[in-house]
Amino acid sequence: MPRWGMVIDLDRCIGCEACVVACQAENNVPINTEDVYHQRRAIAWIRVERYWEGEYPNIKARYIPVPCMQCTNAPCEPVCPVYATYHTTEGINMQVYNRCIGTRYCAVNCHWHVRFFNFWEPKWPDSLKNQLNPDVTVRSRGVMEKCNFCVHRIVKAEQKAKVEKRALRTDEVTTACAQACPTNAIVFGDLDDPNSAVSKLLAQAEQEGRVYRLLEDLGTDPKVYYLKKIDVAAAAEPAATH
Amino acid sequence: MRRREFLKVAATSATGAVLFAGCGRIGDGVPETEFKIAQPVHTPNDWVYGRDAWFATAAPPDQGGYGLIVRVFEGRAKKVDGNPDFPGIAGKSDARAQALVQELYHPDRIAGPQRAASRGSGQFQQISWDSALQEVAQVLRENGGDRAVLITGRPSSSQAAIINAFRQATGIRHAILEPDEFVVLRTAMQRLFGTSMLPYPDLGNAPFLLNFSADFLHGWIAPVALARAYGEFRQGRPGKRGLYYHVGPRLSATAANADRWFPITPGTEGLVALAIANVLLTEGSIPADTFRPYLTALGIDETRLTSEFTPERAAETSGLNAEQIREIAHALVEHQPAVVIAGTSAAAATNGFFNLVACFGLNLLLSNLNQPGGLLLNPDPPLAELRVPQDAVLSERQWAELFEQVRAGSISTVLVYRANPVYSLPPAVGATDALRAAQHVVSFSPFFDETTQLADFVLPDLAWLEQWGLQVPDPGPGYATVAIQQPVVQPFVDGRAFGDVLIQLAQQLGHALPWGSQEEATKALAVQLRRLSGGSVPGANDKEFLVHLQAQGGWWSEQLRGSATTPATRITSPRGPEFIGDTSQYPSVLLPYPSHTLGYGELAHLPWLQGLPEPISTNVWQTWLEVAPRTADELGLTTEDVVRLTTPQGTVELPVYVNPAAQPGVIAIPFGQGHTAYGRYAEGRGVNPLTVVAPQTDPDTGTLAWSATRCRIEKTGRRMRLARFEGNVPAFQLEEFPIVRVMAPSA
Ligand code: SF4
């Protein structure tokens, strides 16, 4: 059984946000209008955060794409009174939209702020609805939503493999963000398959001392791994800046 | 519709090849048997219930023209991605390509041909295609030939072939409107290396990149191919990591990824390049005879280079110190084969052409042309018909002349296709007045943009994903590449492909063009590729060839490569930048910059792109001014204070974004907004920086120098909320939990 995970190489990421639009397109994320930004209610299942470091002229803008961390011990799960958020056997932290009653406890308990509440009924002009992905539900007002590693793609690939009476092939499925990312900064795959791209990348990066996870010390065991950015001006290990 | 007609439509229009499907009838639509059994009556012809189809097509020319695949489900395009087989991009794409479906299903697409109630009234009424074509043909009969001009944006390669045939048949002049920086870039490539095709920096193999101002990861020439190569440059080679230095006036999102950023005064890129050449020569790190073509191009000799263009002299104007310049020069020598590129604001100065020649010319000194890890020159399109005529691309100066002729009445008919001169040219060029004065204006735009608002007739083009075409990516990956564009869905509105309309108009005027439709032209040109050497597409006959071409999404031949020539005569001379406005009144330099998603405003109608945070400020849906913290302190400004920006050209009021990376003395402002028309998502937000840019040109090319205006800002006392992503998600500073971890290369 696969255990899905993601590796994001910050030395490759250029902050272009192709991943963000690809995710919006794939997952029917509503258009983030100007109003929504003013209300601080923009929804972005993957977002690219920009951090400043240093001062002009030695200033750095650092980029970090942030999807749901898919924690193995997810703090958002036990607080849901209706079990709308649960863990799949393949390690994905899932959200059942039609079970969610909008208490937002999960959002409060998520340290990474990757759960989004639908304050409004999502709206598209009629013609733009033609683009909506039929594999993904449109979430209604009053429910939480979040990145689920494009689970519909995974399910489709697994069903296809089943019909063809074979096991899922290594790296047969990927997420929309990883597919779009022009620099190959995002790689998705099965962490338990030693031949998968993510496993190989992690093994290699582990040797280089580049692997870390966001807020790792909280012990939630995220399945999104970051590879440290390399900076010619940085001091030697364990240089860590933010 | 009768069954026979129905089959004809299905076979000739929107059913292209299903990629990777291995279907034996690719290109001919769904097999006939399926129609009999399953085709419902009121659904699109290519409706396949509940099954995904992936069609190969091509990105628009201004996005790089590379191969795409589009997921189509039940007759509707759902998702755009890069074509995994396509050279240079390997399945990758960007936000702009992803947003192509929003152009297709845009609620403000023009539904069908229109006639204006009266010019400029903004009131249009729908008419039939027959009468639209007849009336426009009548206009061309009376006011065609040399009394008419066809203004287009950069056409696709197959559109260029149709336009050319149309031009030859009717005598109508063709003028191409491209962003000024690209005009300068192409002219520089033409005169420096003998090709107007753009070069490709082979980053995947380069140990070192020196970039002068080009925003190459975010919108410049071929962002997807270059970003993919950048990923390889950084982490694609075990044990080797490419080093990237950026010299430029603004910490663009591209500069933010550099290992070192050297902020300079806008427009001094060329002088810094010369000072680098000076170091290389005086220190003897590069053989002296290598310098000959470089010095020839710039019209200087060794003595002048060594005496006048010292790092110390360059330091006085550029804002760098001599040590930094030496450091860059040494890095170039240490990390061979290094590659040097330049563009964006470097090209938009009053010495833009000189800047590009001086910077790109460094590649000659490094002897890296067409070498792995160097600057790869691209060959001309493999078929002469696919060349976009470079002489049709007009400079700012030539636009002013053209519009003067329109105003004077010697040109009475203006046809406009996917170009928006009213918005994209500075007001001083006089596009608006000219269009008002013209006797007839016909637009082929699928949207009511500013120029289309002034048209008498609108014959709306199809969306990009609804048309046939061939596209030569520019730049290609260093060898001949052609992408095939095919409709992935049936037209969503009653538009017609621009090429079809030109062919039909020519017919009405009594000229038969060589092809009956844009599709026919595409296929006729495509099969000619079969006869060229080394092509990647198999096919025992033309039909089979086409099937494979459509399934693969393109044709390429690694045997057809670009060749380099070096300049034998002087093409420019060293010059510093000039600015309009005196320093006492206008202490700062105004530095507009193209938006990473909206470009120069041509993509402002797509809501995904409007809502995508600008990577440095994270602002969305607006125009803002970027000022340095020091400037903000001096003027008592904070983010969201509205300031009055004054240049010798005019005044606008805009909210401030205090940008910690902004250079004191440089006020940056993004292009992209300020549309007065162009659909609900673009209209009425922000300002177009061109309204305050002085109409100053680069004497070498006659193009607009949009980074050559001085300005001042004053506090108005008002505030305005700026929509911004920063802070949308609450952030806490936790000392023990660094977010972005960084390490030194050797660690
Ligand atoms: S698409 Fe890739 S390179 Fe672009 S921001 Fe996302 S992770 Fe970074």
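User: What makes a stretch of this predicted model count as a helix or a strand?

Analyst: Happy to start there: helices are DSSP runs of at least four residues (H or I), and strands are runs of at least two (E). Chain A holds six helices and 11 strands.

User: Why is chain A called as compact as a globular protein of its length?

Analyst: The globule rule gives 18 Å for 242 residues, and the radius of gyration of chain A is 18 Å, close to that value, so the chain is as compact as a globular protein of that length. Its C-alpha atoms fill a box of roughly 50 × 50 × 35 Å along the principal axes.

User: What makes strand S8 of chain A mostly covered?

Analyst: Buried means under 20% relative accessible area, and five of the five residues in S8(A), residues 186-190, are buried. Across chain A, buried residues make up 62% of the 242.

User: How do you know that S1 and S8 of chain A pair?

Analyst: Pairing needs at least two bridges found by DSSP. Strand S1 (residues 4-9) is joined to S8(A) by five bridges, so by that cut-off they pair. The two strands run antiparallel, and A:Val7 has A:Val187 in S8(A) as its bridge partner.

User: What share of the contacts in chain A with a separation of 6 or more comes from residues 24 or more positions apart?

Analyst: That share is 63%, where a contact means heavy atoms within 4.5 Å.

User: And how far apart are the mean positions of the positive and negative charges of chain A?

Analyst: They lie 5 Å apart, with 29 positive and 29 negative charges counted.

Conventions: Residues are numbered from 1 along each chain as its sequence is written. Chains are lettered from A and ligands numbered from 1 in the order in which they are written. This is a predicted model: local features need pLDDT of at least 70, side-chain atom pairs count only at pLDDT 80 or more; totals for chains, interfaces and linings use all residues. Side-chain values use heavy atoms; hydrogens and water are left out. The radius of gyration is taken over C-alpha atoms; the globule rule is 2.2 Å times the number of residues to the power 0.38. Buried means under 20% relative accessible area, exposed over 50%, partly exposed in between (1.4 Å probe, protein chains only). Lys and Arg count as positive and Asp and Glu as negative; His and the chain ends are not counted. The place of a charge is taken as NZ of Lys, CZ of Arg, CG of Asp or CD of Glu.
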